[in-house]
Amino acid sequence: MKFEEIELSGFGKYPKALCKVARPNGIHEVLECLKSGSVISRGLGRSYGDASVNDSGIVAESLIMNKFISFDDSSGILRCEAGVTYKDILDTFVSRGWFPAVTPGTKYVTMGGALASDVHGKNHHKEGSFSSYVISFKILIASGEILECSREQNADLFWATVGGMGLTGFILETEIRLKKISSPYLVNKAVKLKNLDELFSNFEEHDADYLYSVAWMDIVASGSKYGRNILLLGNHCESTELTEKLRRKAAEKYVEKKISVPFEIPFTTLNKLSITLFNNAYYMKARSKTDFQHYDKYFYPLDFILNWNHIYSKSGLIQYQLNIPEEAGKDAVDKVLKKVVASGGGSFLAVLKKMGDQDGILSFPFKGYTLSMDFPVKKGIIEMCRELDAIVLDHGGRTYLTKDSILDEKTFKQMYNGLWEKWMDIKIKYDPENKFTSNLARRIGLCPS
Amino acid sequence: MSLLVLGANSLIAQATASHFAEAGHEIIFAGRKQDEPEKYANDFSIRYKVNCRAEYIDALDYPTHRKFVEDVLSKTPQLDNVLIVFGYLGTQEKAQADFDEAHRIIDTNFTGVVSVCELLAAEFESRKKGNIAVISSVAGDRGRQSNYMYGSAKGGLSVYLSGLRNRLSKSGVNVLTVKPGFVNTPMTYGMPLPKPLVASPEKVGKDIFKAMKSGKSVKYTPFFWWWIMKIITSIPEFIFKKMKL
C-alpha cells in the first residue's frame with residue numbers, strides 16, 4: 001500500500017495534523033490500510049474540523065471508488081460507490097429530471113461523507129436529512145467483513161453509521177432515492193426583515209408555501225440594526241412556470257462558470273470593518289422579491305469560488321453550528337447572537353433555519369432552530385465559542401460534529417447525553433478494538449475505553 | 001462511433017473515454033482484472049447513457065490477442081477508435097537485480113502493446129480509416145538512471161509508433177503517441193514529485209481526446225513537457241551521464 005505524508009485539516013484549515021494518507025482503489029486496498037493501522041475514511045475533506053483527520057494511523061481517501069452501480073429511472077433509486085459526489089449526481093441526473101432529495105450547501109461532498117455526517121439542507125424542516133433518503137449501504141467493518149445495512153438488515157449498524165462520523169467502518173456503497181423535478185430552476189423569494197421577531201413570524205407565515213427556507217443573518221450589526229436578516233425561500237420550479245427564455249436555457253447543456261482563490265491570502269482580510277461594509281452593502285442591495293434561480297446558484301453559491309476558505313488566511317476558520325429545541329426558540333438565538341455581536345468576531349456567513357424531526361443517534365438535526373456561523377481563527381474565538389456552548393447546553397441544544405473543531409469530551413457528552421452511550425454500545429459490538437478512529441473521535445471521547 | 005480502451009483500470013483512460021462517451025461513442029473497456037472493466041462499463045452506461053461493455057485481455061498473454069481482436073470486431077464491426085494504456089512502472093532497482101521484473105516491464109509496456117496494436121493496425125489499414133492512440137511516456141525520450149528500464153520500454157514504444165504512423169499515414173489511419181509527464185494516478189501515488197508539475201488525469205484525458213480528434217501525431221501532456229524534454233534531450237551526453245537524474 002502506498003502512502004503520502006500530508007499535513008491535513010478539514011475545510012476550515014484548523015486544526016492541522018501530519019497524516020499518512022492512502023488512496024485505496026478497491027476493497028483489497030482498504031483491507032491493506034486496515035492492516036497498517038487505525039483508519040478514518042475521507043472524501044473531499046469538506047467537514048470543517050478534524051473529522052476526517054487521523055494522525056495516529058491512516059487516512060483512506062475514497063475518491064477513486066466513485067462509480068455508479070445502478071439507477072432505476074422509474075423510482076429514482078441510485079446505487080453508487082461512496083466516493084460519488086453531489087456534483088457527479090447533479091451533472092448526470094438533473095437533465096433527466098432527478099435531484100438529490102437533500103443537499104448541503106456545497107456539491108463537493110461524497111455520498112460516504114454525506115452519510116457519515118447525515119447532512120441536511122434548506123428543506124430539513126419539511127423533508128428531513130440525508131439519511132431519510134438512504135435505503136441501504138454497504139460497509140466494510142473492523143473484522144474485514146462487508147455488511148449490507150438498512151432499516152431492516154443490521155439496523156443497529158445502520159443507525160450508528162448515519163451521522164457516525166465514519167467511526168463504524170469504511171462505507172463502500174450507498175443506495176439513495178432521488179427526487180423528481182421538472183426543471184433545473186427554483187422559484188426564489190427573498191424577504192428582507194428588520195429583526196428576529198419578524199424572522200420568527202415569517203418562518204411560520206411561509207411555512208406551508210415553501211419547501212426550502214433559510215435566513216441570512218447579519219451577525220455584526222448592533223444597535224437599531226441588530227438582528228436584521230434576509231429570509232430566503234424556495235421551491236422547485238415546474239417547467240410550465242418558466243419563461244420561454246429560461247425554458248430554452250434549461251434544455252441546453254449546463255456549463256459551470258467558476259473563479260478560484262488560487263492561494264491563501266497572507267493576512268486576515270476579515271475584520272469587523274470589512275465584514276460590516278460587506279454586510280451593509282449586502283443588506284442594502286437586497287430587495288424583497290421573487291425570481292427564478294438555477295439550482296447551481298440557488299444551492300451552491302459558494303462553489304462558484306473554488307477554495308473560498310483561502311480568504312481566511314493561513315490560520316483558518318472555525319465553523320460553529322448549533323441546534324436548539326423549538327421551545328427555546330427565539331430567546332436562545334437572541335442570547336447567542338448578542339454574545340457574537342458583542343465580540344465583533346463574526347463573519348458574513350451566518351444562517352439561521354428551522355429544523356424538523358429527525359431519526360438517528362448521533363445525527364445532528366432535531367426539531368428546533370439551527371444557527372451556523374464562521375469565525376476567523378484568532379485570539380479569544382475559542383473562548384467565545386465555549387461561552388456559546390454554555391448557552392446551547394443551557395437550552396438543551398447541541399453543536400454539529402461535522403463543523404466542529406473545538407468541542408471537548410465533557411461538553412460533547414452533555415450535549416449528546418443518552419445518545420453517545422447508545423452509539424458506543426453499537427461501536428463496541430462492531431469495532432471493539434477501535435480500528436476506525438479520527439482526531440475528532442479522540443478529542444470528544446468517541447472511542448471504546 | 002466507438003472507442004476500445006485497452007487497460008480499463010487507468011484513470012487517464014477513463015478520463016479520455018468520458019469525452020468520447022459524452023460525444024455519444026460506444027465504449028468497450030478491456031482489462032486484465034475480471035470485474036473492473038465491467039464496473040467501468042456499468043458506470044459509463046449510467047453516466048453517459050451510451051452503450052458500453054467489458055472485455056477481458058491480458059497484455060502478456062500474446063497468443064490470445066488475435067482472438068480478442070476478432071471478438072471485439074465481430075461485436076463492434078465499425079470500431080474506429082482505439083486507446084492503448086497498458087503499462088507497468090515496476091521498480092528500477094528490482095529490475096536491475098531481477099530480470100523477471102525487467103522482463104515484465106519491457107513486455108507490458110512494449111511487447112504486449114505491439115502484439116495487440118499490430119492486429120488492430122492491420123484491420124484499420126485494410127479499411128483505410130481509424131484512430132489509434134497509445135500512451136507512451138516522456139520517460140522514453142531519454143534514459144535516466146532512476147527509471148531506464150521503464151524508460152527504454154516506452155522509448156522503444158515511441159519508435160514503434162513512429163514507424164507505424166509512417167506506414168499507416170497513406171491509409172488515412174492516424175496514430176497518436178501520447179507522452180504524459182507526471183500524472184496524479186495510483187501509479188505515481190506516494191512518490192515525492194514536484195507538485196506544480198503533476199497534472200490531473202482529467203486534464204491529460206482532455207488533451208488526449210482533443211489530440212485524437214484533431215489527428216495529431218505526438219502529444220506531450222500537459223504541453224510544457226515538450227519544453228522540458230527539449231531541454232533534457234539537448235544536454236550533451238558527456239554532461240548528462242554525470243547528472244543525477
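The following conversation concerns a predicted model.

Biologist: What should I know before reading it?

Modeller: This is a predicted model, in which local features need pLDDT of at least 70 and side-chain atom pairs count only at pLDDT 80 or more, while totals for chains, interfaces and linings use all residues. Residues are numbered from 1 along each chain as its sequence is written, and chains are lettered from A and ligands numbered from 1 in the order in which they are written.

Biologist: How many helices and strands has chain A?

Modeller: Chain A has 14 helices and 20 strands. These are DSSP runs numbered from the N terminus, with helices (H or I) of at least four residues and strands (E) of at least two.

Biologist: In what order do the 8 strands of the open sheet run?

Modeller: In chain A the order is β15-β11-β13-β12-β18-β19-β17-β20, with antiparallel pairing. Two strands pair if DSSP finds at least two bridges between them. The edge strands, β15 (289–294) and β20 (398–399), each pair on one side only.

Biologist: Which helix packs on that sheet?

Modeller: Helix α11 (residues 381–394) of chain A does, touching β17 (317–325), β19 (368–376) and β20. Its direction makes about 10° with that of β17(A). Axes are lines fitted to C-alpha atoms, for helices over the stretch in contact, and angles run from 0 to 180 degrees between N-to-C directions. Contact requires C-beta atoms, placed from the backbone, within 7 Å.

Biologist: Back to β15(A): how many of its 6 residues are buried?

Modeller: The count is 0, and β15(A) is hardly covered. A residue is buried if 20 or more other C-beta atoms lie within 10 Å of its own, exposed if 12 or fewer, and partly exposed in between, with C-beta atoms placed from the backbone. β15(A) pairs with β11(A) in the antiparallel sense over 6 bridges, and A:H294 in β15(A) stands opposite A:Y185.

Biologist: And which residues touch the most other members of the largest nonpolar core?

Modeller: They are A:V39, A:A60, A:L115, A:I139, A:F170 and A:I171, within a core of 80 residues. Such a core is a set of buried Ala, Val, Leu, Ile, Met, Phe, Trp, Tyr and Cys residues joined through C-beta atoms within 7 Å. Strand β10 (residues 170–180) of chain A gives the most to this core, with 5 residues.

Biologist: What does A:I171 touch?

Modeller: Not counting residues up to four places away in sequence, its contacts include A:S41, A:L115, A:F137 and A:I139.

Biologist: Finally, how many residues does each chain bring to the contact?

Modeller: Chain B brings 10 residues and chain A brings 11 residues. Helix α2 (residues 35–48) gives the most to the chain B side, with 6 residues.

Note on methods:
Contact = placed C-beta atoms within 7 Å.
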